[in-house]
Amino acid sequence: MANRPELLAPPEIFYDETEARKYTSSSRIVEIQARLSERALELLALPEDDVPRFLLDIGCGSGLSGETISENGHHWIGLDISASMLNVAVEREVEGDLLLGDMGQGLGLRSGVIDGAISISAVQWLCNADKSCHEPRLRLKAFFGSLYRCLSRGARAVFQVYPENIAQRELILRQALQAGFGGGLVVDYPHSTKKRKEFLVLTCGSIQTSIQTSKNEHGESCSEDDFSEDEESGTVSMSDRNRARKRQKTKKNKKGREWILRKKEQSRRKGNDVPEDSKYTGRKRKSRF
């Protein structure tokens with residue numbers, strides 16, 4: 001795990017000018033990025049009506065994923081926290097519009113203007129507290145909440161993620177569901193160590209989702225039944241959930257008569273002067289006008 005970039009430095013520092021050019025010039029990375037972007041677009045399940053959609057690429061970097069979006073005939077806008085990565089994207093003359101920003105602070109986009117969103121290897125960065133003011137849960141909450149607002153009703157968002165552990169996976173999924181999304185996790189090649197890829201597929205709105213598409217080691221599609229063995233082994237390979245219900249707050253009177261009597265007795269043992277107990281001890285006073 002020592003070679004995970006998110007463990008070495010914050011993204012805006014790790015992806016400096018040298019690292020940004022190195023990342024973009026690697027033929028292996030370009031190939032992997034294109035393959036993952038194609039898979040993300042496939043999971044977006046956009047209508048096949050030859051109408052271009054307006055998509056959001058979160059953590060767009062130097063525009064490698066954006067090129068895949070453009071090749072599929074769609075328009076896009078990219079967001080990234082690394083100015084060096086965006087400078088490389090400008091030099092490469094990518095077709096999408098570029099924004100410099102921190103997704104953990106929310107997306108400053110108008111409500112309902114985005115037809116779909118993808119993200120390749122970016123969301124797990126929010127699970128790290130790179131600054132003293134960073135709280136992963138709150139940053140994920142701000143991100144998913146703003147994403148939910150800017151997506152059109154029924155639109156999908158697909159995130160390819162590399163969670164460090166099960167706790168990170170559950171944290172990301174929990175915050176997404178609490179923001180109002182429906183959906184779950186799709187895992188390609190769940191029994192392979194090297195080929196395994198996780199995609200968080202979310203739907204904006206109260207639409208029921210049934211995510212049954214994945215791939216096995218032979219590149220074939222799998223149904224939901226194919227995941228039972230992997231789930232029993234303790235690995236989260238797929239889930240299909242709706243928006244979590246808000247817990248009703250119940251008022252608990254923690255300072256009732258028994259609590260007051262106990263506190264008075266403790267004070268007496270310390271030698272303090274405490275008023276005698278009476279039938280009025282712990283009784284709630286009537287409110288006055």
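Residues are numbered from 1 along each chain as its sequence is written, and side-chain values use heavy atoms, with hydrogens and water left out. Because the model is predicted, local features need pLDDT of at least 70 and side-chain atom pairs count only at pLDDT 80 or more, whereas totals for chains, interfaces and linings use all residues.

The chain contains nine helices and nine strands, which are taken as DSSP runs (H or I of at least four residues for helices, E of at least two for strands) and numbered from the N terminus. Of the 289 residues in the chain, 45% are buried; here buried denotes under 20% relative accessible area, exposed over 50%, and partly exposed the range in between, with a 1.4 Å probe and protein chains only. Among contacts (heavy atoms within 4.5 Å) between residues at least 6 apart in sequence, 64% join residues at least 24 apart.

Seven strands form an open sheet with mixed pairing, in the order S3-S2-S1-S4-S5-S7-S6, where two strands are regarded as paired if DSSP finds at least two bridges between them. Its edges are strand S3 (97–100) and strand S6 (182–188), each of which pairs on one side only. On average, neighbouring strands of this sheet are turned by 15 degrees against each other, direction ignored. Strand S5 (residues 151–161) and strand S7 (residues 197–203) run antiparallel and are joined by six bridges, and Ala 157 stands opposite Leu 202 in S7. Helix H7 (residues 166–178) lies across S6 and S7, and runs at about 10 degrees to S7; axes are lines fitted to C-alpha atoms, for helices over the stretch in contact, and angles run from 0 to 180 degrees between N-to-C directions.

Helix H6 (residues 136–150) has 15 residues and reaches 21 Å from its first C-alpha to its last, close to the 21 Å expected at 1.5 Å a residue, the expected span being 1.5 Å times one less than the number of residues. The buried residues of H6 include Pro 136, Leu 140, Phe 143, Phe 144, Leu 147 and Cys 150, and the buried residues of this helix pack against strand S1 (54–58), strand S4 (114–120), S5, H7 and S7.

The largest nonpolar core, of 35 residues, has Phe 143, Phe 144, Leu 147, Leu 151, Phe 159, Phe 181 and Leu 200 as the members with the most contacts inside it; such a core is a set of buried Ala, Val, Leu, Ile, Met, Phe, Trp, Tyr and Cys residues joined through side-chain atoms within 4.5 Å. Two or more residues are given to this core by each of S1, strand S2 (75–80), S4, H6, S5, H7, S6 and S7, and H6 gives the most, with six residues. Apart from this core lies another, of 17 residues, among them Leu 36, Leu 44, Phe 199 and Val 201. With residues up to four places away in sequence not counted, Leu 151 touches Gly 112, Ile 114, Gly 116, Ala 117, Arg 156, Ala 157, Phe 181 and Cys 204.

Cys 127, placed in the loop between S4 and H6, is buried, with a relative accessible area of 11%. Leaving aside neighbours within four places in sequence, Cys 127 is in contact with Pro 136, Leu 140, Gln 168, Leu 171 and Ile 172. Cys 127 and Glu 164 are 37 residues apart in sequence and 9.1 Å apart in space, C-alpha to C-alpha.

A search of the whole structure finds 14 salt bridges, each defined by a side-chain nitrogen of Lys or Arg within 4 Å of a carboxyl oxygen of Asp or Glu. Arg 21 and Glu 17 meet in one of them (3.6 Å, N to O); these residues are four apart in helix H2 (residues 17–25) and are therefore separated by about one helical turn. Arg 21 is partly exposed at 35% relative accessibility, whereas Glu 17 is exposed at 51%. Arg 92 forms a salt bridge with Glu 67, with the closest N and O atoms 2.5 Å apart. Because Arg 92 lies in the loop between helix H5 (83–91) and S3 and Glu 67 in helix H4 (residues 64–71), this pair ties together parts that are 25 residues apart in sequence. Arg 92 is partly exposed, at 28% relative accessibility, and Glu 67 is partly exposed, at 32%. In the salt bridge between Glu 198 and Arg 196 the closest N and O atoms are 3.1 Å apart, and both residues are buried. Salt bridges that share partners also join Lys 264, Glu 265, Arg 268, Arg 269 and Asp 277 into one network.
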